Amino acid sequence: MEKYIIIQIIGFLGTGLFFFSYQFKENKKLFQVQFLSYLLYTLHFLLLGATTGGISYVINMIRSFCMAGKWRFGKSKKMCGMLCTLQIFTLVFTWAGWFSILPIVANIASTIGSYTNNARKIRMAGMFINSPLWIIYNIMVGSWVGILDEIVSEASMIISVVRFGWKDLENFPASAS
């Protein structure tokens, strides 16, 4: 029981970081904070024995590293395609049942949203695809803090839309990220 609580605390720390990530208008800062969040979530899921979720978060860490950095290829459509392909390989090699599809589809949607470099599309992918699918997956693997994370993430995305405005997020210049 004590081990399970420690695993949930690790996930809770990831939740806190992810919540704050959407409070940055600049995409670069959003991805930097999400990188650290994904690192904690990788550990959380692997300790829970949820291999598909854990490995898919490693790919999310790579995505955040690429999107926050200055490496031109890291922000290219080819890299987006490579990351989505890695998600599919993760699904094939970590298959544990139909619910393994959920984090993969969620992360592919977030990856495509991220590579638009459009703050509004990033939040749309998160609010309407990523978080709902992860909530179901978290229920299936027993990540109670993961459920909380997605609820908090939804709230954070909504707060950012209210703070920055839906139209302003659409027009936020990519060069500022």
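Which residues does Ser160 touch, not counting residues up to four places away in sequence? Ser160 touches Tyr22, Gln23, Arg123, Gly165 and Leu169, where contact means heavy atoms within 4.5 Å.

## About the model

This is a predicted model, in which local features need pLDDT of at least 70 and side-chain atom pairs count only at pLDDT 80 or more, while totals for chains, interfaces and linings use all residues. Residues are numbered from 1 along each chain as its sequence is written, and side-chain values use heavy atoms, with hydrogens and water left out.

## Buried serines in helices

Ser160 has its place in helix α7; helices (H or I, at least four residues) and strands (E, at least two) are DSSP runs, numbered from the N terminus. Ser160 counts as buried because its relative accessibility is 0%, and the cut-offs are under 20% relative accessible area for buried, over 50% for exposed and in between for partly exposed, with a 1.4 Å probe and protein chains only. Although Ser160 and Arg120 are 40 residues apart along the chain, their C-alpha atoms are separated by 9.8 Å.

Ser131 is found in helix α6 and is likewise counted as buried, at 0% relative accessibility. The side chain of Ser131 makes a polar contact with the side chain of Glu150 at 2.6 Å; such a contact is a pair of N or O atoms within 3.5 Å, and within protein one must be able to donate a hydrogen and the other to accept it, while residues adjacent in sequence count only if both atoms are side-chain atoms. Leaving aside neighbours within four places in sequence, Ser131 is in contact with Gly126, Glu150, Ser153, Glu154 and Met157.

Ser64 lies in helix α3 and counts as buried at 0% relative accessibility. Apart from residues up to four places away in sequence, Ser64 touches Phe31, Gln34, Phe35 and Tyr38.

Thr52 also lies in helix α3, and with 2% relative accessibility Thr52 counts as buried. When neighbours within four places in sequence are left aside, the contacts of Thr52 include Thr90, Thr94, Trp95 and Tyr137.

## The nonpolar core

The largest nonpolar core has 32 residues, and those with the most contacts inside it are Phe45, Tyr115 and Tyr137; a core of this kind is a set of buried Ala, Val, Leu, Ile, Met, Phe, Trp, Tyr and Cys residues joined through side-chain atoms within 4.5 Å. Two or more residues each come from α2 (27-48), α3 (51-68), α4 (77-94), α5, α6 and α7 (144-164), and the largest share, six residues, comes from α3. In soluble globular proteins, nonpolar side chains tend to be buried together.

Not counting residues up to four places away in sequence, Tyr115 touches several residues, among them Arg63, Cys66, Met67, Met79 and Leu83.

## A nonpolar patch and a loop

The elements that give two or more residues to the patch are α5 (101-115) and α6 (119-141), and α6 gives the most, with five residues. Val105, in helix α5, is partly exposed, with a relative accessible area of 39%.

Asn117 is placed in the loop between α5 and α6 and has a positive phi of about 55° although it is not a glycine.
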